[in-house]
Amino acid sequence: MAVIGLIVHLGRESAGRQASELAAWLGDEGHTVRVPPDDAVAAGLGAAPTIEIAAADFAVGLDLVVTLGGDGSILRAVELTGRAVVPILGVDHGQLGYLTEIEPTEAHAAIRRTLAGDHGIEERMLVAATLVRADGSREEHLALNEAVVERAAEANTIRLAVSVDGEFFTTYAADGLIVASPTGSTAYAFSARGPIIEPNHRALLLTPVSPHMLFDRSLVLAPDARLRLVVDGHRPATVSADLAPQFVHPAGGESVKVESVAPPGDVSITPAPGPDKPVPGGPTMEAPLGRVVGARSGDKGGDANLGVFARSDEAW
């Protein structure tokens, strides 16, 4: 039997209703259901057979996370699970649904197939943003989409000195800089005129926000590039990673280091066996479950292929 976590869109009534129904069904199947406190309240899960657990302990011992919401719910699941090796399966109760491709009516079948290993795995790269304080202290956050260093609300244009792999590149005068993964190339970086990168590709994307300079193009860098962004001057800046709040206010001279999570800290896609995509030798997953960040299923249950975005490496 599996330990399954539920992440629920806190403002979507349909997500709460389905979370309650899934919790009851999974409990009847003999699985343990785990829910963060805020999600339990949003879904009204007090009477369901669930374990309400603090966010810091949510990922410990999990076999699968099912999100009920939109892409933001996927990002919140990534934040809650951190570096733990636990899958995330997205059920779409959102608006855009870039990552959450399972329809609510397909949730039962998708969960069954995922637990049985009847799915494929698609690798997505993460980025790690580390604030380095003047006193040497550090604070790290992981992001599926992007890390952003930008001006504080009351500030004007800020100056950010950028180094790549230890060599000075240039100083940007801009509202901010976005360091995105390929998945994040269709998020904030896209609205700042950045290019779209195929999500399975490995690269870092550096995109300025409203630069006040002649050089205003995005840079596509190697996946193992080490970026260092130093606040140059007295104007305040903030740093954020995906949905995490603006968690730091670097002072002049303090820096933010951004890099990809070193492989094999990501995942790859392997279509599941199906009528039109046979895979010799059976399922190809090396781990019982990987990190799932989205899925696609057909309407015909076992006759459809299920592609699951996942992270399967134990060291991620």
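Start with α1. Ala 15, Gly 16, Gln 18, Ala 19, Leu 22, Ala 23, Trp 25 and Leu 26 are buried in this helix, where buried means under 20% relative accessible area with a 1.4 Å probe and protein chains only. A word on what you are looking at: this is a predicted model, in which local features need pLDDT of at least 70 and side-chain atom pairs count only at pLDDT 80 or more, while totals for chains, interfaces and linings use all residues. Residues are numbered from 1 along each chain as its sequence is written, and side-chain values use heavy atoms, leaving out hydrogens and water.

Helices (H or I, at least four residues) and strands (E, at least two) are DSSP runs, numbered from the N terminus. Just after α1, click on Gly 30, which takes a positive phi of about 95°.

Next, select the open sheet. Its six strands run in the order β8-β7-β17-β15-β10-β11, with antiparallel pairing; two strands pair if DSSP finds at least two bridges between them. At the edges stand β8 (138–143) and β11 (167–174), each with a single partner strand, so one side of each has no neighbour in the sheet. Inside the sheet, look at β10 (residues 158–164) and β15 (residues 227–231), an antiparallel pair with five bridges. Here Val 162 stands opposite Leu 229 in β15.

Move on to Gly 90 in strand β5 (residues 88–92). Gly 90 is buried, at a relative accessible area of 0%. Its C-alpha atom is separated by 9.4 Å from that of Ile 7, 83 residues apart along the chain.

What does Asn 145 touch, beyond residues up to four places away in sequence? Asn 145 sits in the loop between β8 and β9 (146–151) and counts as buried at 11% relative accessibility. Its contacts (heavy atoms within 4.5 Å) are Leu 75, Val 179, Ala 180, Ser 181, Thr 183, Gly 184, Ala 187 and Asp 242.

Stay there for the last stop, the largest pocket. Of its 27 lining residues, Asp 71, Tyr 98, Leu 99, Asn 145 and Thr 186 lie nearest its centre. α3 (71–81) and α5 (188–191) are the elements that give two or more residues to this lining, and α3 gives the largest share, four residues.

How values were computed. Buried < 20%, exposed > 50% of the residue type's maximum accessible area, 1.4 Å probe, protein only. 1 Å grid on protein atoms, 1.4 Å probe; cavity = no way out; pocket = protein on both sides within 12 Å on 5 of 7 lines; lining within 4 Å.
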